[in-house]
Structures are given as structure tokens and as C-alpha cells.
2 protein chains.
Amino acid sequence: MSISALQNARYTYKPKLPDCLSGSIEDITVESGAPTESISDFEQLRSIFKTTYGKPLITFVKGKGSNIKHELKVGVILSGGQAPGGHNVIAGLFDGLKKANPNSVLYGFNGGPSGLINNKTVILTQEIIDEYRNTGGFDMIGSGRTKIETAEQFASSLQTAKKLGLNAVVIIGGDDSNTNAALLAEYFLANGSTTQVIGCPKTIDGDLKNDYIETSFGFDTACKTYSELIGNLCRDANSSKKYWHFIKLMGRAASHIALECAFQTQPNICLISEEVEAKRMSLEKIVDQICASIVKRSENGDDFGIVLIPEGLVEFIPEIKKLIDELNDVIAEEEKSFATITNLIDQMYWLSSRIPESSYRVMQTLPPDIAKQFLMDRDPHGNVQVSRIETEKLLVGMVEKRLAAMKEKQLYSGKFTYQTHFFGYEGRCAFPTNFDADYCYSLGFSAFVLIASGLTGYISSVRNLIAPASEWLAGGVPLTMMMNLEHRHGSTKPVIKKALVDLNGNPYKTFVKNRETWAEKTCFLFPGAIQYYGPAEVCDQPTITLKLEYEK
Amino acid sequence: MSISALQNARYTYKPKLPDCLSGSIEDITVESGAPTESISDFEQLRSIFKTTYGKPLITFVKGKGSNIKHELKVGVILSGGQAPGGHNVIAGLFDGLKKANPNSVLYGFNGGPSGLINNKTVILTQEIIDEYRNTGGFDMIGSGRTKIETAEQFASSLQTAKKLGLNAVVIIGGDDSNTNAALLAEYFLANGSTTQVIGCPKTIDGDLKNDYIETSFGFDTACKTYSELIGNLCRDANSSKKYWHFIKLMGRAASHIALECAFQTQPNICLISEEVEAKRMSLEKIVDQICASIVKRSENGDDFGIVLIPEGLVEFIPEIKKLIDELNDVIAEEEKSFATITNLIDQMYWLSSRIPESSYRVMQTLPPDIAKQFLMDRDPHGNVQVSRIETEKLLVGMVEKRLAAMKEKQLYSGKFTYQTHFFGYEGRCAFPTNFDADYCYSLGFSAFVLIASGLTGYISSVRNLIAPASEWLAGGVPLTMMMNLEHRHGSTKPVIKKALVDLNGNPYKTFVKNRETWAEKTCFLFPGAIQYYGPAEVCDQPTITLKLEYEK
């Protein structure tokens, strides 16, 4: 057997397009709005993006049509971490190109942006595209994390574009990759190249969104995959009436994934990093919150529950953030001295005279295995690898200690047993949901129309996503419109602003309204595995986050 | 929202019954075979099961029908770990009872066998049953791990049966619970009670099977849930071209789950505990095997892969098994002395004069974090808690060390990065696949017919499972027919023989035929999430293990 039954069946799925893109190519009309501005730092951004700044918003409508049937050569890049639906973006782009002109050619750059820099390509044929329709993963052409940053890298990219005679490059990526797309668009134009650059909003983390990008692709599928597993654990805990499951969820800094999974499964606790930071909640305070639920539920006879923890949490806890910064500094300063010490007791002694007492005390409260994670495995820049800190075990350790203390004071008499989990890689390459399959295909098709219309420095945009696909709106948003200046890694750079969970937004507020009930009662939902066939209410729903953000 | 869209949709699913059970109740005819024997220890088992030994095999056929329409009172128990489909067994039993006689009553015993001992019941109404049709979990009545062992427990169980006026008790459980069912059937009859006892074969581990029980329920759903996740990781690794994923899979001693997941996903390595034991493979030998694949793939440019590890592996590695036995002994002997020592270095010193040098050397080769797991967290009997040993991290640690040594000798020049996972609880409470939903419902209905036919000491049996459900065969197998005597926990007991992976069986042989190719090439399959709707080849397939075992 070389492919699975589901993969074979998914080949026959025809992704839905918005009405404005689904008719004849001649009927697609491109409408331009008024010039736009960036979200802040107007003057500086205008001077960085001299030729591409401030372009108008673009909307596609059904109409008399522009001429977008010329022959094109386009290259496409998958950039950064995998997200379900990437292959469908490429399929949508391919189908658009070929529908308009069968002589058009689509190149895939192998292994991410380095494929553009080093001119590593494959011509994407009908056969290759068909092999990957509606599948997960980025394995059609691979992905990579190289950034186009140096003058040489920009020059090589330009050379590749010239060599291949490219009309356009499409970069499918997250906020960083789309920032890169904006810089590349500007560089090409400023250096006399006609190669256009178009971005597409990808990331399971859900942090690439704004007024014009309602969601990034892959978020829907990843959240639903994690929610399947969380729901299964909810049912397991509720059946055996034992185990508190502490579940860390991928998602980098933002807590969008945790929040969406909370809506899908109604766990007892879901921590939101953005709230922890805003309220300056200490680790003790977080442990308070979890223990309050454990104690209350235990009094009700329910010694089990579910805790969701966003991956980035530790960096949002003020005293831990401070500790991490200080550790990064002192260890970088005396790297060699520190490297000679290998056991925790000696490392703690070494630190005692080097970090402030308050931080030293924080270190002391950490379970030893976790304390070690703060001191080991530094990244190439000498920093703590925050993603490798087992926050779920940190919290379990502290909760256990607290409950033991409460038991001594007869404030708690339950039985606390636990399991820890980390769900991340499991959700990045699932078969895209019907939503992601349709959304991605539409994004790819829309990218084609932007290219055929001669536009550059845009991100493909498909909106009105809570409506049926036929009613979706498609067009392009100037990348500079989503940018501001930020200080990152020691210098000020133009970047696309990352969207964290909005504490004034409807999703967060809805969560707050419910969470006290969830903390005490058993309100678990069991969403089950993603369904690709069957009733529409099971197969074709967008995320609850999207509904809460956009439903009137 | 109080239930998920999928749960709501699954309520409308009508589980399929075999033809022999699906017509009118009057048409079900009960056929008896010749008397049977146990698999060994005939005389001893005959004397233990004086009144229930050696009953005939029972088959249901469509025919003129026996009178099975009388009013019945039945109690049902969910015993042990959760397995998808338990609710459907109860639904099938309920529907059978009510179809035959609307006045019949079904009691649920709460929280497992202790519900029978302590007479904790709920009357299962149509409303309750309907709330749980085709759902995962055991939350309808809960489960528990109490065994009916002492004279008092047997007497209390009998008292409950009398008090409720039960015609029968149905015990849904694994090999231990069904052994218990056999003993209870014998006890009831020997003590003048007419309460019959019927078992049903449950366990995700797949180790309750024999010539008459083709598979236990839940195995299908659990394997497919794990395979979804493994397939997603396969695709992720193949997309980013990095990470070796070391995945431990639940399943206790037997490697059935790992083997089925290997068929579903075609990983680079799948370890089979039964083979490790048979070939007396050392830990070093296992590490050899994994490293051979890593090195070969690295030479092909593929620094990524998937390794599946059955949960019970460590106990099948001869020197580790020996080590565990010796640790259990010496620590039990000097429990208090050992308890005062808390760090690994001192513990090792303590052990050095107490365990044989060969075992001491094995301890020394273990990564320190894993060595600690062998010494901590002993179970109530003072034994190492094998299920808590992180075998996936043990293997990663040893592989890393070996590769470093090979690198020094220039035998390996790749880049080894890894992730570890444990999939277990995630699969025990998934919505049952169509297969498990149908199989369980049929098992429950068949249990009703056995009861209505006045039989006791039987396990409900549904066979010919690779055929469409309409062609399934239903009946009952005398529990004593599946038994032998085994020495467990210090005494010789009658038990149902656990089915480990048969090294002469077709599934294992098929695996062996393929594994060399899988170890070197990338042959991953991506089965995706369990589908309940859509094409039959996606939704209605039994496990590959079943097909390999029974396909002609």
C-alpha cells in the first residue's frame, strides 16, 4: 500500500472557491481602493518601502473583467513551520495559472526561502499537484527557516528570479516570512526587477491576523486536532474519575490555540498568557487558580480535571521572564565558567552571587528537574530555549507541593493524581479540514489573480470566512498596511505586528464569562476526530474564535 | 453548548447487527455444539469449575426460534480501563432486552465491580441509553478496577444479585475481568443462585483473543487514533526533514497496538516486545537496530524518522527484566535503609554491594534520569512501576550516545535531533469507529440472547469480522474453554490466557517482510483522523491485523 484510504478519498474533494473567483477567468474584475497607511511609524516605513508603501486595498468582484490571461512564470515557497493546507495554496495558485493560460509555469522552490537564494527548483506539473491535493504537510516541495536578510541573499534571490524569468514569487509563511515578502517586493522593484512578490498568511499559531486577515490557515485544523485529543482525555478523566491532565499546547507566544481548544472542549482551567502578563500574575497566583479548581472539584467528589497551558506561558509570568533575562545575561557573560559546572546544587551556588536574590528565590521554588531546564540546552544565541521548558511539569510540581501543604492544614482532602501531555507536532500536518482546504485553495487562487493583475507587495486575502465559501470576499492587502517598527534582537525593524489574544475581544470575554463554571463543574465537550464527510454542522464549521470575532 | 456537533450527529447512527440477530426475536435459534475443554490443565480446571466447566459452544442462527421473550432483570458492569465502544455494548444489551420484552429491566452497576459488591446501581432508562449511543468513554456508569476476590466479596455480590432479583450479570472487561466472570458464574451456581454471568471481550490492548474471540473491542478505535497521530508526525518529519520521533504506545505487555500502528503508518522502526524476548535481544542490540536505520537514512540524506515502541518493552529485554527483578527484591528486603537515600550517586553506591555486577553495569549504562525511574515510585507491592519508565527517553538517550561514538569513529556524519511522545490515554475514549460501534452493539445484543437462553459462564462472541456486519457470526464461548492455570503474584490461578503477538502468525511475518525497506526508505502512510461518514473503504475497514489473521 502506498497511500492511505483517506488520502485516496481526499483526492476527489473539490475545494470551494468564493463566487467572485469561481466563474470564468474573464469575469474576475479587480477593484482598487484608496491609498493605505501602515498601522504606525508612517514616515519611517514610507522611507524603507519607497516604491511599495501605501498601495490601495484590492478587491475582486464578478464583472466585465480585466485581462489576466497572459502567460506567466511564477515561483512558490513554503516558509517556516508546517501548517495544514499549504499544499492547497499551491494547488489553487496552480489551477488559477493554468485556467487562465495553459502555458503558464509554476516553479516550486525546494526547502523554503533557501531554494530561492540557491535556485533549487522543481517544475510543478499537474501530476505532482494532483498527488498533494487536500493533503497535510509541506512535503511537496519542503519548507525551511532561512530568512532572506543579508545583501548577498537579496542579490542571489534577484538573480534566481532573473534566471528563471519569473513574473512573481509567492511566499507562503507567517508574520516573519510575510515581512520578508514585503522587503523582497521592495528590493526587486527598487533594483529594476519586474518580479512581483505576493504573500499568503500561514501559521497554526493564529497570530497573523488583523482587520483584513481574519485568520491564518492551518489554525483551524491544528486546533481541531488538539481538541479531538483534549476531548478524548476529558472523556477518559470523566470515565475513570481520576487524573488531572495538564496539557501544554503549541502556539508560541500567543494563546489563540489554547483559547480555541477551550471553546471546543470546555476544560476546567485554560491559562491565557496575555492575561497573565496584563495582570502581572505570579507563578504562585497561577498555582492558586489551579488549586482552587482542584479543591472545589474534590469537595464535589471530582478528583479529576483538565488544564490547558499555552506553550509561551513562562515568558509572560513577570518573575519568570525576569529570571530568564537575568540567566541569559549572567550565563552569557561567564559562559565558560558556567559550562564547567554540571550539577544543579553547584549551579545554584554559582548563581547565588550573580542573580538578584528575588530571582534566586524563584529558582529555588522550581521543581529541580525544571530548574535544570532553565540552565541547560541554550540556543545558538546563548538563550534559554523556552519552548523546551516543560511548563506542564513545572505547574504539576508546584500544584502537588501546594496541595500537600493544604492537606496538612486540612484545607484539602482529595487525591491528586496527574498525567502531563504536550500536543504540538501532531497537529501541524493533519489533513486540512474542509475549511482549511477551501480557505487555502482560495488564498492560492487569489494570489494568482493578484499576480496576473501586476500587483506586488501584497498578501492574498480571503474574508467573510464565517459565511459559506461562496460568499467569501477575496482580494489583496498591501503588506505595508500591516506593519510597524519594532525592536527585535537588538535593532529596530519593520515587522508585521503579531496578534496576541485581545483582552477586549469577544473570544476572551466569552471565555471569562464561562470559566468559573467550567472550573468547578464538569462541562466537558467531546468534539471527536475531524470529519471530512457527513453533516455540514460537523464538517464545515469555522473555529469558534472566528465566529465570536465576526458573528453579529 | 452542552454536546459537540459530532456527538449529536453520532446519535443518529444505527449500529449494524449480524443477520442472525437482526430479524424478529422469534427467529433467533440457539444451537449447541459438543462439550468443550480448557486449553490445558483439564483436571484442575474441571475441579475448580465443578458446575460450569466444559459447556458447549453456542451459535445463533436464523430459524424457528427458541422462546427468549420472557421478562428479565439484568445488571451490567464496566470493568477496568476504558475502551471505545463500551456504551454500545450496553446499548445492544438494552435494545435486545427491550425488544424481547418491554418489561425487562437493565441495571447499571456504578464504578465497576465494586458496584456489584456494594449494590450501587442505576436503572438504565431509554433516555440514559440514548444519551450515550455511539459515544466513547465509560462515563454512563463509570468503571473501576476492584476485583471480586475474597469470600466476602463473592458473598456480597451474591447478596446484591438476590436483592435485585437478577437473572444475569454482564461483565464487560479484559482477560482478568472475564476470568472473574467465570469464577462468579461458578460461585453463583455452586451456591444455588440462578443468576447467570456473561462476559464481553474489552481491551484496547488487543491481548484478549483466541480461536473464538477474533479481537477485543476498542482495539480498532485506539489503534486508529494513535495511527492518525503517528501519520501526522510522519508527514511532519517528512516535510521539515528533521526530527526522529520516538513514540511509546500504550498496550501493556503485548505489542499488538504497536504492530497494527506499524501497518497503518509504515514507520522506520517498530519494536516488538515478543520478538525481543524470543531472540533474547539486549538493549545494546535494540540500539544497534535503531542506529542502523538512522545511519543508513542519514547516508541517503534523510535525517528524520519514526520509531514505535510498545509500552511493555523493558520487561522483555532480558537484562532489564533481570535488573527489575533484582531491584524489586533487594529494595523490598531493605526498604527502610533504601528509603533514606535520595540521590542517584548514593543509591548506586548502595546497590553496588547488593545486586550482581552484571546488573549493576546495566544500571550504569542507563541515562541518569531513566536510572532514577527504576528506583523511584514503587507500586503498592514494592515493585518498579514499569509503565512509568520512559522507555522512549531511555532509547533516545542510548541512541544519542551511540551515534556520538560512531561520529568519533567517522561511521556517522548526520544530524540527530529528536522528539519523544507517549500516546495512550488519548485513544481510550475516542468515539468508537463504525467497526467498534457495530461490533460492540452486536456483542451486547448477543449477550442478551445468551442470557435469555439461560446460559451462564459464557463470553459473548461475534466472529467473521472481516466480512460485512450482516455476515458476522454470533454466539457464546464457554469461559472455561479459554482458560489455563498460571502462576501469578505468588499463587497458581485459573486465568484466561493472554494473547501476545504470535511470532508464527501472519501479521508478524508480514511485518518482517517489509521492515527492512521501511527502515531505510521513507514509506510512511498518513491514515488521517477516524472517519464516521464517507466512502466505505475509509469508514468501515477492520484493522489490518484482523485482515492478515483471517483473510484467505
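**Burial, salt bridges and the A–B interface**

Biologist: At 8% relative accessibility, does B:D175 count as buried or exposed?

Modeller: B:D175 counts as buried, with a relative accessibility of 8%. The classes are buried under 20% relative accessible area, exposed over 50%, and partly exposed in between (1.4 Å probe, protein chains only). This is a predicted model, in which local features need pLDDT of at least 70 and side-chain atom pairs count only at pLDDT 80 or more, while totals for chains, interfaces and linings use all residues. Residues are numbered from 1 along each chain as its sequence is written, chains are lettered from A and ligands numbered from 1 in the order written, and side-chain values use heavy atoms, without hydrogens and water.

Biologist: With which residue does B:D175 form a salt bridge?

Modeller: Side chains of opposite charge can pair when their charged atoms come close. The criterion here is a side-chain nitrogen of Lys or Arg within 4 Å of a carboxyl oxygen of Asp or Glu. B:D175 pairs with B:K498, the closest N and O atoms being 3.0 Å apart. The two belong to distant parts of the chain, 323 residues apart: B:D175 is in helix α8 (residues 175–190) of chain B, and B:K498 is in the loop between β15 (491–496) and α20 (506–520). Helices (H or I, at least four residues) and strands (E, at least two) are DSSP runs, numbered from the N terminus. B:K498 is partly exposed at 32% relative accessible area.

Biologist: How many residues apart are A:R46 and A:E43 in helix α3?

Modeller: They are 3 residues apart, about one turn of helix α3 (residues 42–48) of chain A. A:R46 is partly exposed at 37%, whereas A:E43 is exposed at 54%. Another pair is A:D130 with A:R133, at 2.8 Å; A:D130 is partly exposed at 33% and A:R133 is buried at 15%. Over all chains, the structure holds 51 salt bridges.

Biologist: By what turn can chain A be laid on chain B?

Modeller: A turn of 180 degrees, with a shift of 0.0 Å along the axis, gives an RMSD of 0.0 Å (least squares on C-alpha atoms of residues with pLDDT of at least 70 in both copies). The two copies are therefore related as by a two-fold rotation axis. The same surface serves both: 100% of the contact residues of chain A recur in chain B.

Biologist: How many residues of chain A are in contact with chain B, and what area is buried between the chains?

Modeller: The size of an interface is often given as the accessible area lost when the parts come together. Contact (heavy atoms within 4.5 Å) involves 60 residues of chain A and 60 of chain B. The buried area (accessible area lost, 1.4 Å probe, summed over both parts) is about 4,500 Å², and carbon and sulfur atoms give 52% of it. A:R235, A:Y425 and A:E426 lose the most area in chain A, together 15% of what that side buries.

Biologist: How many salt bridges are there between chain A and chain B, and which elements of chain A each supply at least two residues?

Modeller: There are 6 salt bridges between the chains. One of them joins A:R428 to B:D236 at 2.7 Å between the closest N and O atoms. On the side of chain A that touches chain B, α1 (5–10), α9 (219–240), β11 (418–423) and α21 (536–539) each supply at least two residues. The largest share, 10 residues, comes from α9(A).

Technical notes
Buried area = accessible area lost by both parts, 1.4 Å probe.
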